[in-house]
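Visitor: I am new to this structure and would like to be taken through it. Could you show it to me?
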Amino acid sequence: MAEGEEDLPRDAKIVKSLLKSMGVEEYEPRVIHQFLELWYRYVVDVLTDSQVYSEHAGKQTIDCDDVKLAIQSKVSFSFSQPPPRELARNRNKVPLPKAIPGPGIPLPPEQDTLISTNYQFAIPKKQPAHAMEETEDDEESVEPTSLQEQKTDVPHPTSQRVSFPLTKRSK
């Protein structure tokens, strides 16, 4: 064994031998610790999921089927398969649209995007001018209790929604 290798735990020796078998000759020592942390975390996740599946099935202990199911769910959730080659070939037969040279970042045409600009503003309806004048005059000469009554009689302004797309300004 190499110098310092006898001090390593068994799992670290396994990681080192796996790296060597894959042709990795040079690496930082912390790579081994990172792989070990990744593997321990993965095993804990799989065993935790296995325990959940076992409890759901009403079993007292985890068995091989629970572990297989947990691994299968991890693989299908974490790793996605590439599309079939035939589908990729058919998709790649269609050429991409030509880029229009110009200033700034080239963006696809507006009809091909999902971010069409649309803004909504709440515009309050204005009260008639004579109603505004009456309320101002009344507020000055009315007692506080009748002022509260008077405010409930005045119609509250309601808002109106307006929606429009922004258009590009020509320079």
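Visitor: How far apart are F35 and W39 in helix α2?
Guide: F35 and W39 are 4 residues apart in helix α2, so about one helical turn separates them. Helices here are DSSP runs of H or I with at least four residues, strands are runs of E with at least two, and both are numbered from the N terminus.

Visitor: What kind of model is this?
Guide: This is a predicted model: local features need pLDDT of at least 70, side-chain atom pairs count only at pLDDT 80 or more, and totals for chains, interfaces and linings use all residues. Residues are numbered from 1 along each chain as its sequence is written, and side-chain values use heavy atoms, leaving out hydrogens and water.

Visitor: Back to the rings. How many aromatic pairs does the structure hold?
Guide: The structure holds 1 aromatic pair. The ring centres of F35 and W39 are 5.8 Å apart and the planes are at 35°, so the pair is tilted. Rings of Phe, Tyr and Trp (its six-membered ring) pair if their centres lie within 6.5 Å; planes under 30 degrees apart count as stacked, over 60 as edge-to-face and the rest as tilted.

Visitor: And how accessible is F35?
Guide: F35 has 29% relative accessibility and counts as partly exposed. W39 is also partly exposed, at 34%. Buried means under 20% relative accessible area, exposed over 50%, and partly exposed in between (1.4 Å probe, protein chains only).

Visitor: What does α1 do with α2?
Guide: The axes of α1 (residues 10-21) and α2 (residues 30-56) come within 10 Å and cross at roughly 110°, which makes α1 roughly perpendicular to α2. Axes are lines fitted to C-alpha atoms, for helices over the stretch in contact, with angles from 0 to 180 degrees between N-to-C directions. Angles under 35 degrees count as roughly parallel, over 145 as roughly antiparallel, 65 to 115 as roughly perpendicular and the rest as oblique.

Visitor: Which residues make that contact?
Guide: On α1 they are D11, A12, V15, K16, L18 and L19, and on α2 they are V31, I32, F35, L36, W39 and Y40. Contact means heavy atoms within 4.5 Å.

Visitor: How do α2 and α3 cross?
Guide: The axes of α2 and α3 (residues 64-78) come within 8 Å and cross at roughly 120°, and the two helices are therefore oblique to each other. Residues of α2 that meet α3 include Y42, D45 and V46.

Visitor: What about the whole chain?
Guide: The chain comes to 6 helices and 2 strands, running α-α-α-α-β-α-α-β from the N terminus on. Buried residues make up 8% of its 171 residues.
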